[in-house]
Amino acid sequence: MNSPAQDKLDVVIVGGGMITHDQILPSIYHLQRQGRIGSIKIVALNSAPLRALAGEEAFGEGFPGQTFEPFPALDEPPERNFPDLFQDVIASLPPGNMVVAAVPDHFHDSVIRAALEHDQHVLSVKPLVPTYAQSVEIEKLARRRGLLVGVEYQKRFDRRSLDARRAYRAGRFGEFRLGEAKMIEPYYYRHSNFQNWFTKENSDPFTYVGCHYVDLVYFITGLRPVEVSVRGVEGTFPNGNVGYLWAAGRVVWENGAVMSISDGLGYPDQGAGTNDQCLAMYCEGDDCGAVLKHDDQFRGVSHGYVDLQSGAKFRFVSPDYFRMVPWEGEGLKPVGYGFESIEAIALSAIRVNRAAEGFAGNYALAARRQVLQEIDDRGILATPANSFVNELVTEAARLSIARNGLPAMIEYRESPSLRLNHS
Ligand SMILES: NC(=O)c1ccc[n+]([C@@H]2O[C@H](COP(=O)([O-])OP(=O)(O)OC[C@H]3O[C@@H](n4cnc5c(N)ncnc54)[C@H](O)[C@@H]3O)[C@@H](O)[C@H]2O)c1
């Protein structure tokens with residue numbers, strides 16, 4: 001790749017579903033307004049989600065005059081699928097721009113590889129890929145070409161996580177010993193596009209959202225997980241597909257600490273929540289206990305509305321994750337860690353490009369790699385090099401859940417490996 005002298009990224013978003021609607025597109029629109037993002041193309045499997053995004057009134061209000069280019073075109077019949085179109089749209093992007101992988105979990109790998117092979121930086125939603133071997137291949141490919149792969153673990157950018165990381169690493173909690181975490185997503189997810197892909201062979205609630213809290217404990221403490229067992233509870237989606245709709249996970253960390261993580265698609269749709277999520281880490285110091293507790297569901301704000309626009313009349317509202325608020329500019333601006341996480345990855349990709357300005361060939365590559373190394377070492381942005389324990393846990397969890405909770409052991413030698421514990 002020649003050194004692109006660009007401080008603005010053109011973006012291709014692959015996937016036009018819930019996460020693109022709720023977090024990615026409004027964040028990218030705001031970055032476009034700030035001059036960080038140039039053109040925006042969105043590719044989906046068919047025109048149905050693209051029509052919904054294009055017609056979303058909240059975007060018209062928040063980002064007046066801003067649009068995206070849809071692939072396939074909006075007038076294609078919604079039942080006509082274009083499974084390979086993302087390849088052509090990615091190929092149309094000049095080198096050194098950015099591809100966002102926002103497709104179902106098991107499909108991230110194909111999108112990320114296509115992006116890297118076309119010399120694009122990557123923002124991938126979590127979990128990066130289902131296996132450790134895939135993450136190693138992605139890391140190698142990205143390193144060879146001097147490209148950033150940022151994994152969008154947005155909870156890292158929640159101020160409470162950043163503060164906890166600093167305090168834990170300063171020794172203020174002593175040592176983590178026992179923990180519990182929970183993320184129960186709403187019941188209505190079962191009626192969404194999830195029913196088409198969230199089947200037993202592709203994903204489960206631990207892999208889907210439990211990964212956030214596994215990543216957070218690693219982010220806060222730096223401890224590596226060594227054993228994972230996950231027991232799933234099966235159920236049937238409205239379309240008849242069978243999936244794991246609940247999951248109880250247990251993760252053992254390298255210092256012997258144990259953590260239980262409960263996940264599911266079943267929080268009441270009318271509940272205030274609008275999901276249920278929390279983290280508790282019990283720790284020990286010199287002859288004293290310590291605790292770190294985050295209530296990630298009720299963040300101190302409740303609204304009782306006179307209408308049903310939010311799906312229920314009474315809701316807990318998270319001002320921390322993602323809200324669109326009035327600001328000094330036109331429309332609305334997104335605020336919260338959902339925006340900051342996407343902003344951090346986009347700005348880092350721009351920083352990588354800038355480092356190579358004025359250089360060519362191997363000099364440009366070396367300059368980009370130096371910035372990438374700094375990002376890996378800092379450990380704030382999740383990258384394949386600094387967050388591969390998540391892929392080990394995902395792979396271990398998938399092995400375990402298919403065997404009714406048999407523990408899968410993670411061994412860290414020169415090259416990490418997995419082993420099922422049959423004893
Ligand atoms: N908090 C979070 O970090 C968070 C939250 C939700 C989802 N996610 C992740 O985001 C990903 C997508 O989740 P979602 O909720 O948006 O799912 P979704 O089912 O709502 O959307 C999936 C999208 O992928 C598109 N797609 C599928 N195959 C494609 C293909 N061949 N080419 C182009 N597009 C294709 C579909 O058209 C659809 O728009 C998952 O990996 C999920 O785990 C992360």
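Predicted model: local features only at pLDDT ≥ 70, side-chain atom pairs only at ≥ 80, totals over all residues.
Residues are numbered from 1 along each chain as its sequence is written, and side-chain values use heavy atoms, with hydrogens and water left out.

Let me begin with the ligand. Which residues come nearest to the ligand? Of the 25 residues around the ligand, these are Gly16, Asp105, His108, Asn193 and Trp197, where a residue is near a molecule if one of its heavy atoms lies within 4 Å of it. Some of the contacts here are between polar atoms, and by a polar contact I mean a pair of N or O atoms within 3.5 Å; within protein, one must be able to donate a hydrogen and the other to accept it, and residues adjacent in sequence count only if both atoms are side-chain atoms. An N or O atom in the side chain of His108 is 2.7 Å from an oxygen atom of the ligand, whereas Gly16 uses a backbone N or O atom, which lies 2.9 Å from a ligand oxygen, and Val103 likewise has a backbone N or O atom 3.1 Å from an oxygen atom of the ligand. On its own the ligand has 850 Å² of accessible area, and the protein covers 92% of that, with areas coming from the Shrake-Rupley method with a 1.4 Å probe.

If you look at the shell around the ligand by class, you will count 16 nonpolar, seven polar and two charged residues. In this scheme Ala, Val, Leu, Ile, Met, Phe, Trp, Tyr, Cys and Pro are nonpolar, Asp, Glu, Lys and Arg are charged, and the others, Gly among them, are polar. Helix H1 (18-33), helix H8 (194-197) and helix H9 (205-221) each supply at least two residues of that shell; helices (H or I, at least four residues) and strands (E, at least two) are DSSP runs, numbered from the N terminus.

Two strands pair if DSSP finds at least two bridges between them, and S4 runs parallel to strand S1 (residues 9-14), to which four bridges join it. Four bridges also join S4 to strand S5 (residues 121-125), again parallel. Val99 of S4 stands opposite Val12, and Val99 also stands opposite Val122 in S5. From S4 the chain crosses through helix H5 (residues 108-117) to S5 in a right-handed β-α-β crossover, which is to say that, with the strands pointing away from the viewer, the path from the first strand over the helix to the second runs clockwise.

Strand S8 (residues 225-236) runs antiparallel to S17 and is joined to it by two bridges, and Glu227 stands opposite Met409. Strand S18 (residues 417-420) is also antiparallel to S17, with four bridges, and there the bridge partner of Met409 is Arg419. S17 and S18 form a hairpin with five residues between them.

I will finish with some single residues. Asn46 sits in the loop between strand S2 (37-43) and helix H2 (47-54), and it counts as buried because its relative accessibility is 14%. Its side chain makes a polar contact of 3.0 Å with that of Asn81, and a polar atom of the Asn46 side chain lies 3.2 Å from the backbone nitrogen of Ala48.

Most residues other than glycine have a negative phi, and most peptide bonds are trans. Against that background, the peptide bond from Phe71 to Pro72 is cis, with omega near -5°, and the bond from Gly273 to Thr274 is cis, with omega near 0°. Asp119, in the loop between H5 and S5, has a positive phi near 60°, and so does Asp287, in the loop between S11 and strand S12 (288-295). Is each of these two buried or exposed? Asp119 is buried because its relative accessible area is 14%, whereas Asp287, at 83%, counts as exposed.

Definitions and conventions. Buried < 20%, exposed > 50% of the residue type's maximum accessible area, 1.4 Å probe, protein only.
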